[in-house]
Amino acid sequence: MLFAENVYKTRQGKVAEAWKSLLGPQDLVLVHSGEAVQKPGGLDQTYDFLPHPSYFWLTGHRRDEGVMAYSLSEGWIEHQRPLSPVDIVWEGAEGNFECESTLVDLQKKLQGGAYKRVFHLGQTSEKTFEAETRELSIRLDQVRRCKDSHEVQLIRQIADMANKGYQALQNALRPGITERELQLHYENAVLMAGADKMPYGSIVGSGENAAILHAVPTKKKVASGELVLVDAGADVEDYCVDITRVYAVDSKFTPQQKDVYDLVHEAYKASVAMCRPGTQWRDVHMKSARVIAEGLQQWGIWKSSVDAALESGAISVFYPHGVGHLVGLKVRDTGHPENLNPQRYYGARLRVDLELKENYLITVEPGCYFARAFIEDQEIREKYKDHIQWSEAEKWKSFGGVRLEDDILITKGEAESLTNVVSK
């Protein structure tokens, strides 16, 4: 277990309280860990098992096929497939813990007719009482969104691991090194610092590749005069950080690079300043988009007014994504399943569209990009011909892009970055 047993008991109690009004005396909720997935053509090989985050958050256990059961009469009971000697010999004794009940015991209960309704949550293919199951899942997510002090402390520690990677990457950065080599410098340092793995594919994009939002590191050599955008984190048992920084290959920005960097930094600071309980996340995004749009106006990008560029969605040519997402237990954490009808705001569809609450952890990651693929696309040029001065945009298409990202904890007062150990 990552945390002491009483931490999980407290979490279970909070979820039970959130579910109380939804359940009757003959209802049972099962939260499934999931099963290992066989690799295509892998015969007896499976992918590394990842427990469903709701199950892991409730139990601290990572064994496949686990089920956490809750009923009003019995409370929480965990059911597991016991490890056999064969399991231990082939895979080791990790996860060889004592469990309150086995899967056989659970099956006997289910067959005994004691429960009128059984709800399946987590990693499962069972589909019963879908509307009620959805509401139970949403309430569990809502409890999980608020990070407790143990999670916050762990994420600070993981940020320190990521910082080792960013330091190693900066030390290695020079003209002629490849994006892939920079990735290896970063990831080796992070793993040596204690991380289990990377939470997502590390992004390293230099020159024009810095405008590719999910740039896969290539054998491209970084060149003098270019920017390098690095979006990479660190992971310990699925808890993670998500950080983006931008560096000049020559250790000093050109005046043009500094202008764009400073603009994105202003959007970042304005966004973080709004991160308080009660703020709608869409308003944070729209503020960041306005700051970027005002900067683009100074460089002659707009034919129309800033307001028109925003309302038309033309800003999305240069800022095509939302300002951030929930993070913590996995890089997308709980998401926003309540939102059945996602809306676009200034051309971007937000991953979350909710009111911020104390102890939410969310990324703030505004960006400004000059993507050749967008600038040269004829449909896009036609769509925004009344808003974008394409002759001016053409001058920027070899620039790349800038994004800055930290993981921001919502507090009663000013928001706090848990990843500011990585210098900007």
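Start at Lys197, which counts as partly exposed because its relative accessibility is 29%. Keep in mind as you go that this model is predicted.

**Stop 1: Lys197 and its partner**

Asp235 and Lys197 form a salt bridge, with their closest N and O atoms 3.1 Å apart. Look at where each one sits. Asp235 belongs to strand E7 (residues 227-236), while Lys197 is in the loop between helix H7 (179-192) and strand E6 (203-206), so the pair ties together parts that are 38 residues apart in sequence. Is Asp235 buried or exposed? Asp235 counts as buried, because its relative accessibility is 4%.

**Stop 2**

Move to Gly205 in strand E6. At 0% relative accessibility, Gly205 counts as buried. Gly205 and Gly194 are eleven residues apart along the chain, and their C-alpha atoms are separated by 25 Å.

Next, pick Ala162, in helix H6 (residues 149-172). Ala162 has 0% relative accessibility, so Ala162 counts as buried. Then select Gly233. How far apart in space are Ala162 and Gly233, C-alpha to C-alpha? The distance is 5.7 Å, although the two are 71 residues apart in sequence.

**Stop 3: two positive phi angles**

Go to Glu237, in the loop between E7 and strand E8 (239-248). Its phi is near 50°, a positive value in a residue other than glycine. Glu237 is partly exposed, because its relative accessible area is 24%.

Step on to Ser251. You will find Ser251 in the loop between E8 and helix H8 (255-274). Ser251 is not a glycine, yet it has a positive phi of about 70°. At 73% relative accessibility, Ser251 counts as exposed.

**Stop 4**

Select Asp141 and Arg144. Both lie in helix H5 (residues 130-145), three residues apart, about one turn of the helix. Why does that spacing matter for direction? An α-helix has 3.6 residues a turn, so residues three or four places apart point the same way. The side chains of Asp141 and Arg144 meet in a salt bridge, 3.7 Å from N to O. Check the cover on each one. Asp141 counts as buried at 8% relative accessibility, and Arg144 counts as buried at 3%.

**Stop 5: a salt-bridge network**

Jump to Glu376 and Arg372. Their side chains meet in a salt bridge, at 3.1 Å from N to O. Glu376 is partly exposed, with a relative accessible area of 36%. Arg372 counts as partly exposed too, at 31% relative accessibility. How many salt bridges does a search of the whole structure find? It finds 33.

**Stop 6: helix H1 and its tryptophan**

Show helix H1, residues 5-19. Its 15 residues should span 21 Å at 1.5 Å a residue, and its end C-alpha atoms are 21 Å apart, so the two values agree. Colour the buried residues of H1: Val7, Tyr8, Arg11, Gln12, Val15, Ala16 and Trp19.

The structure holds 14 aromatic pairs. In the pair of Trp19 and Tyr70, the ring centres are 5.9 Å apart and the planes are at 55°, so the pair is tilted. Trp19 lies in helix H1 and Tyr70 in strand E2 (residues 67-71), so this pair ties together parts that are 51 residues apart in sequence.

**Stop 7**

Select Trp299, Trp302, Phe318, Phe370, Trp396 and Phe399. Together they form one aromatic cluster. Then find Phe56. Which residue lies over the face of Phe56? Arg62 does, at 4.7 Å from the ring centre.

**Last stop: a patch on the surface**

Finish on Val86, in helix H3 (residues 85-91). Val86 counts as exposed, because its relative accessibility is 53%.

Conventions
Residues numbered from 1 in each chain as written. Predicted model: local features only at pLDDT ≥ 70, side-chain atom pairs only at ≥ 80, totals over all residues. Heavy atoms only, no water. Helix = DSSP H or I, 4+ residues; strand = E, 2+ residues; numbered from the N terminus. Buried < 20%, exposed > 50% of the residue type's maximum accessible area, 1.4 Å probe, protein only. Phe/Tyr/Trp six-rings, centres within 6.5 Å; stacked < 30°, edge-to-face > 60°. Lys NZ or Arg CZ within 6 Å of the ring centre and 35° of its normal. Expected span 1.5 Å × (residues − 1). Salt bridge = Lys/Arg side-chain N within 4 Å of Asp/Glu carboxyl O.
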